[in-house]
2 protein chains.
Amino acid sequence: MTSRYTISGLAEQFDITARTIRFYEDEGLLAPERDGTRRIYRERDRVRLRLILRAKRLGFSLAEIRETLELYDSESGEDAQSRYVLRVIDKHRAVLLQQQEDIRQVLEDMAQVEQRILDKIASREQLPPNPN
Amino acid sequence: MTSRYTISGLAEQFDITARTIRFYEDEGLLAPERDGTRRIYRERDRVRLRLILRAKRLGFSLAEIRETLELYDSESGEDAQSRYVLRVIDKHRAVLLQQQEDIRQVLEDMAQVEQRILDKIASREQLPPNPN
DNA sequence: CATGCCGTTTACGTAAACGTCAATATTCCG
DNA sequence: CGGAATATTGACGTTTACGTAAACGGCATG
């Protein structure tokens, strides 16, 4: 059961269009096998796609995602290369931590707006049935 | 000291270009006062800009940000409007929580890649000085 | 066999978010 | 006061991430 997927199957699973998946391939983010001309996706392609969409939800560009995937995938034979990858990982981690902080801030702001509205609704319900 | 800022001042503070700030104004995200033709930014503009950039780092579009700002700012006089805003806030919160989860996942993946590399480096340092 | 239905490539279209001049004020500073 | 620096409004260019349409191949099925 080396699970195989069709392009429309994958598209449905992730709620995107086949066009999008082909585009990701054009951009070098995916490289499915072929049965003649048809694309065949395996489990590893699915995992990759899930990763891509995760990163996209966080606002990263396809170019960034591609570079990152290539880098992390690279067997990084040499020591220098390994250390370079480690540095890049640290940079990426910094960006993600910043995003976590941004999310915290926005959630806080939202809670304030929400509270303001709730207070107003509450104060209105206190009032007698419209003194007109 | 009702702090005033020039456009280039703000640009420097936030490490963006003046063009960007003007563009945000064109898009209805900012509305600074004018001294004749020059723009004058007050503290509230600065706060707004900080918010905009935060949201941008999280991958939201300017259109989304504008709508959100307008909505949250609206005095929402009517009760129905208030309840509507509360629902939108809930939706936004859901998106942010999803992002938090995405970040957790990506951080996890990164940690794995990092560990793999560290292991490889360690195993290499175990080996005797190159058996050639 | 005709007719869907899915898949493929190629190509042009598009919206978003600015960058990059250009031409024209204004303002600051020695 | 005069030149340098800063600001303003167009207007056009560019990149990203697909959408959309055209034109075609393969297969399955009534």
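Visitor: Which residues are closest to DNA strand D?
Guide: S61(A), L62(A), T6(B), S8(B) and R39(B) are the closest, out of 16 residues that surround DNA strand D. A residue is near a strand if its C-beta atom, placed from the backbone, lies within 6 Å of it. Bear in mind that this is a predicted model: local features need pLDDT of at least 70, side-chain atom pairs count only at pLDDT 80 or more, and totals for chains, interfaces and linings use all residues. Residues are numbered from 1 along each chain as its sequence is written, while chains are lettered from A and ligands numbered from 1 in the order in which they are written.

Visitor: Which elements give two or more residues to that surface near DNA strand D?
Guide: From chain A, α2 (18-26) and α4 (62-73); from chain B, α1 (7-14), α2 (18-26) and β2 (38-40). α2(A) gives the most, with three residues. Helices (H or I, at least four residues) and strands (E, at least two) are DSSP runs, numbered from the N terminus.

Visitor: And what surrounds DNA strand C?
Guide: 17 residues, the closest being T6(A), S8(A), R39(A), S61(B) and L62(B). Here α2(B) has the largest share of the surface, three residues. At least two residues each come from α1 (7-14), α2 and β2 (38-40) of chain A, and from α2 and α4 (62-73) of chain B.

Visitor: How do the residues near DNA strand C divide by class?
Guide: Into five nonpolar, seven polar and five charged. Ala, Val, Leu, Ile, Met, Phe, Trp, Tyr, Cys and Pro count as nonpolar, Asp, Glu, Lys and Arg as charged, and the others, Gly among them, as polar.

Visitor: What rotation superposes chain A on chain B?
Guide: One of 180°, with 0.0 Å of shift along its axis and an RMSD of 0.1 Å. The two copies are therefore related as by a two-fold rotation axis.

Visitor: Which C-alpha of chain A is nearest the axis?
Guide: That of G59(A), 1.9 Å from the axis.

Definitions and conventions: Copies are superposed by least squares on the C-alpha atoms of residues with pLDDT of at least 70 in both.
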